[in-house]
Structure formats: C-alpha cells, structure tokens
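Hello,

Here is the structure I promised to hand over. Please open it first, then read my notes below.

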Amino acid sequence: MIANKVFAKIGFYLLSMVFFLIIVMILGTDIPVYFGKDAQFVGLKNIFKIGIIIPVACGLLLLYAGGFACWLKHESKGTRLGPITITEISNVNSEIMSFVAAYFFPLVGFNYSTTWKHVVVLAGLFVLIGAIYIKGDIYYCNPTLSILGYRTYKIKGTTTTGTPFEQTVITSHKMSVEDKFTYITIDSNTCFAYKQ
C-alpha cells in the first residue's frame with residue numbers, strides 16, 4: 001500500500017496538471033526578452049514586479065510532480081498483493097477526456113495577466129479543482145499518465161482464495177478477462193496493477 005495517501009493524491013493531481021502548468025508557466029511569464037545592442041539587465045528588484053511569480057510557482061509544482069513520478073516508479077517495486085483473476089473489465093479512459101474538458105480547458109482560457117487579482121483567482125481555482133479531484137477520488141483521471149502509456153480500468157475479479165475484488169486499476173498493461181495481475185493499493189478503491 002502506498003504509505004502517504006495525501007502525498008499520493010496531491011501528486012496524482014499535480015501530475016494530471018503537468019501540461020496545464022507548463023502552459024501557465026509560458027503564458028504567465030511577463031519578462032521582457034530583448035537582445036538588441038541597447039539591451040539592459042532588468043535587475044532583481046524589478047523582476048518581481050513584471051511577472052516572475054507565476055512561472056516560479058508553476059516550476060515548483062512541476063518539480064513536485066516530477067519528484068512524485070520518480071517516487072511512484074520506486075514505490076511500484078514494493079510488495080505486491082494478489083494475484084487477481086479478472087472476471088469483468090471496463091475501460092474508463094473516456095473519463096479522462098471528461099476531466100480535461102471540464103477543468104483543463106477552462107483554466108487554459110483564463111486571463112494570465114500578472115495583476116495580483118488574476119494570480120489570486122487562478123491560484124484559488126487551481127486549489128478548488130484540486131480539492132474536488134482529491135475529495136472525489138478521481139485522481140485516476142490523469143491525462144499525463146494516459147500520455148505516458150498507462151490505462152485505467154474498472155475491474156471485478158477474484159483472489160486465489162475466491163475473495164471478490166472490485167477496484168479501479170491503473171496499469172501500463174493491456175488487460176482483458178481471465179488475465180491475472182498483482183497490485184499495490186493506492187486507497188480502498190484504486191490500485192496500480194502489474195499483469196502476470
């Protein structure tokens with residue numbers, strides 16, 4: 001089982017928003033770039049007035065997401081439960097597009113002006129969407145994991161002792177009925193699966 005669930009859920013949320021953070025980092029930067037002969041150094045005193053806060057914040061969140069991805073890869077080498085034999089399976093990757101359409105696109109269309117009012121509203125929206133994402137346990141709706149080749153399934157199955165198993169499964173393998181897999185629990189409803 002993944003030890004720190006809150007760390008994992010925040011990590012999954014930030015991982016799902018990696019492309020959004022990159023877009024905000026680019027659009028929210030308001031640093032003049034000029035390479036002419038009369039170019040002058042802006043100076044550290046003025047940098048905070050012209051829009052460095054958004055890219056720095058996004059950069060820190062991207063570092064957290066990258067650290068989480070590395071941690072997740074390391075965590076997957078831990079003790080696995082199972083095996084589980086699949087009796088029913090359904091693909092839930094379509095929910096990822098619903099997440100992107102509902103949260104990602106509206107945020108990308110947000111005004112990235114560097115006034116404090118816009119920065120506060122953007123941060124508030126980002127935290128609100130994160131709270132919905134985490135409290136609703138929908139962190140398996142992750143476009144970044146999908147791009148990295150992971151699939152998400154709702155699986156019903158049985159253990160070797162006949163105990164029923166029903167969870168949302170994130171895996172890098174293509175699965176079908178009668179396949180067997182071992183898993184690491186993320187929470188009571190979701191796990192990472194490894195096909196045998």
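Thr 182 sits in strand S4, residues 180–185. (Strands, E, of at least two residues, and helices, H or I, of at least four, are DSSP runs numbered from the N terminus.) Thr 182 is buried, at 13% relative accessible area. Buried means under 20% relative accessible area, exposed means over 50%, and partly exposed is in between, with a 1.4 Å probe and protein chains only. Leaving out residues up to four places away in sequence, Thr 182 touches Arg 80, Leu 81, Pro 83, Phe 192, Ala 193, Tyr 194 and Gln 196. A contact here means heavy atoms within 4.5 Å.

A word on the source: this is a predicted model, where local features need pLDDT of at least 70, side-chain atom pairs count only at pLDDT 80 or more, and totals for chains, interfaces and linings use all residues. Residues are numbered from 1 along each chain as its sequence is written, and side-chain values use heavy atoms, with hydrogens and water left out.

Now the whole protein. It has seven helices and five strands. From the N terminus, the order is α-α-α-α-β-α-α-α-β-β-β-β. There are 196 residues, and 39% of them count as buried. Take the contacts between residues at least 6 apart in sequence: 65% of these join residues at least 24 apart.

Next, the salt bridge. The structure holds one (a side-chain nitrogen of Lys or Arg within 4 Å of a carboxyl oxygen of Asp or Glu). Lys 195 and Asp 179 form it through their side chains, at 3.3 Å from N to O. Lys 195 lies in strand S5 (residues 190–195) and Asp 179 in the loop between strand S3 (164–171) and S4, so the pair ties together parts 16 residues apart in sequence. Lys 195 is partly exposed at 35% relative accessibility, whereas Asp 179 is buried at 16%.

What about disulfides? The structure holds zero. A disulfide is a pair of cysteine sulfur atoms within 2.5 Å. Cys 58 is buried, at 6% relative accessibility. Cys 70 is exposed, at 56%.

Last, the surface. The protein exposes about 11100 Å², and carbon and sulfur atoms supply 64% of that. Accessible areas come from the Shrake-Rupley method with a 1.4 Å probe; for residues, only the protein chains shown count as cover. Leu 27 is in helix H2 and is partly exposed, at 47% relative accessible area.

Best wishes
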